[in-house]
Amino acid sequence: MGKRLFLAAILMGCIMGMEAKSLKKAYRKYFDIGVAVNLRNVTDEMQGALVCQEFNSVTAENAMKPASTHPREGVYTWEGADRIANFCRQNNIKMRGHCLVWHNQFCNWMFTDNEGNPVSKEVFYERMREHIHAVVNRYKDVVYCWDVVNEAIADGGPNPYRNSRLYKLCGDEFIAKAFQFAREADPKALLFYNDYNAIIPHKRDNIYNMVKKMKEAGVPIDGIGMQGHYNVHWDNLKEVDEAIRKYSELVDVIHITELDIRANKDMGGNLDFKKKAEQAITDEIKQKQEERYVGLFRVLRKHKKVVKSVTFWNLSDRDSWLGTHNYPLLFDKEYQPKEAYYKVKDF
Ligand code: XIL
């Protein structure tokens, strides 16, 4: 379909309350199809229409993170998160909350007092509790699930846990506390542990063991979020299948929370943040990416009993956190559907 026609169809669909066949419609018997959005995506008319057309779940890419909402003690900055939440409220789109506790983009002020001295873990927990209650309460009408703890497991090494500031102060107890505070704040929300490279056997088993231990101790973990930052060079379907099978021994709900399939060879947390000069994507890479997307969605559909949501990390290749040379999504830099879009949709 030509660019103009596609955009016109979206606008007509939104205006008339009808939808052309879209990703969310194609997958309605399987799982929700979500997207991580920035403020532009919900402000620009066309991008907003595309979000409404294709997706039935939204995650704020950065706006609900601790550093964005709570930069200093007693100071909350809700504007960005409110704008995204209001867009979702107006358009009746449910939100995945992301995220409450993470070693990045966190409230680092929580670790020290006014003089810059380290605080005790009791003081830290009180601050963390207040933060979790404030954020969860503000958005509980629109956010139905939260990534409560993000990326607490290490990529390798003898200690399964990431040696973060959180871990150094609290050991793995901060994980339990975060889930307890989130459950207190909203007993109805589904609570997730979320991580990248969650299909790599060593890390997968460490995630599994941690969640198992926590659940046995009564920590309210409802689901596991597998981020899903993959690349086109990695034929990983067996690993995806096996990880879902394993995690589903522990939890009833698995979400793919941050899906993209990049063109370069990095994966997961091994990131190349540099927005390199533009490079064209070759036909070979395009084709591989289509194959990866098609194969992945086949596996995810097979697990529809437990996989309840699949969220793309960003709307288009223009928005991708991986820069403009990775082309990792289903919509191109002009917000046009790529061949991979049709292959994922028309299965
Ligand atoms: C990323 C955002 O997309 C970027 O804009 C930001 O600069 C860094 O964080 N895992 C996560 C997400 O859980 O929150 C990260 O989002 C991507 C990796």
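The discussion below takes helix packing, then aromatic rings, then backbone geometry.

Mentor: Please keep in mind that this is a predicted model, in which local features need pLDDT of at least 70, side-chain atom pairs count only at pLDDT 80 or more, and totals for chains, interfaces and linings use all residues. Residues are numbered from 1 along each chain as its sequence is written, and side-chain values use heavy atoms, with hydrogens and water left out.

Trainee: Why are α11 and α12 called roughly parallel to each other?

Mentor: The axes of α11 (residues 237-247) and α12 (residues 283-302) come within 10 Å and cross at roughly 20°. Angles under 35 degrees between N-to-C directions count as roughly parallel, and α11 and α12 are therefore given that description.

Trainee: Which residues of α11 and α12 meet?

Mentor: With contact meaning heavy atoms within 4.5 Å, Leu237, Val240, Asp241 and Ile244 of α11 meet Gly295, Leu296, Val299, Leu300 and Lys302 of α12. By class, this contact has six nonpolar, one polar and two charged residues; Ala, Val, Leu, Ile, Met, Phe, Trp, Tyr, Cys and Pro count as nonpolar, Asp, Glu, Lys and Arg as charged, and the others, Gly among them, as polar.

Trainee: What makes the pair of tyrosine 27 and tyrosine 30 edge-to-face?

Mentor: Rings of Phe, Tyr and Trp (its six-membered ring) pair if their centres lie within 6.5 Å, and planes over 60 degrees apart count as edge-to-face. The centres of tyrosine 27 and tyrosine 30 are 6.0 Å apart with the planes at 65°, so the pair is edge-to-face. Tyrosine 30 also forms an edge-to-face pair with phenylalanine 31, at 6.4 Å centre to centre and 65° between the planes. Ring pairs link Tyr27, Tyr30, Phe31, Phe55, Tyr293, Phe297, Phe312 and Phe347 into a cluster.

Trainee: Why is tyrosine 27 called buried, and why is tyrosine 30 called partly exposed?

Mentor: Buried means under 20% relative accessible area, exposed over 50%, and partly exposed in between (1.4 Å probe, protein chains only). Tyrosine 27 has 0% and therefore counts as buried, whereas tyrosine 30, with 26%, is partly exposed. Phenylalanine 31, at 3%, counts as buried.

Trainee: What is noted about phi of asparagine 92 and of asparagine 314?

Mentor: Phi is near 55° in asparagine 92, a positive value in a residue other than glycine, and near 105° in asparagine 314, again positive in a residue other than glycine.

Trainee: Is asparagine 92 buried or exposed, and is asparagine 314 buried or exposed?

Mentor: Asparagine 92 has 73% relative accessibility and so counts as exposed, whereas asparagine 314 has 0% and is therefore buried.

Key:
Axes fitted to C-alpha atoms, helices over the stretch in contact; angles between N-to-C directions. Helix = DSSP H or I, 4+ residues; strand = E, 2+ residues; numbered from the N terminus. Parallel < 35°, antiparallel > 145°, perpendicular 65-115°, else oblique. Phe/Tyr/Trp six-rings, centres within 6.5 Å; stacked < 30°, edge-to-face > 60°.
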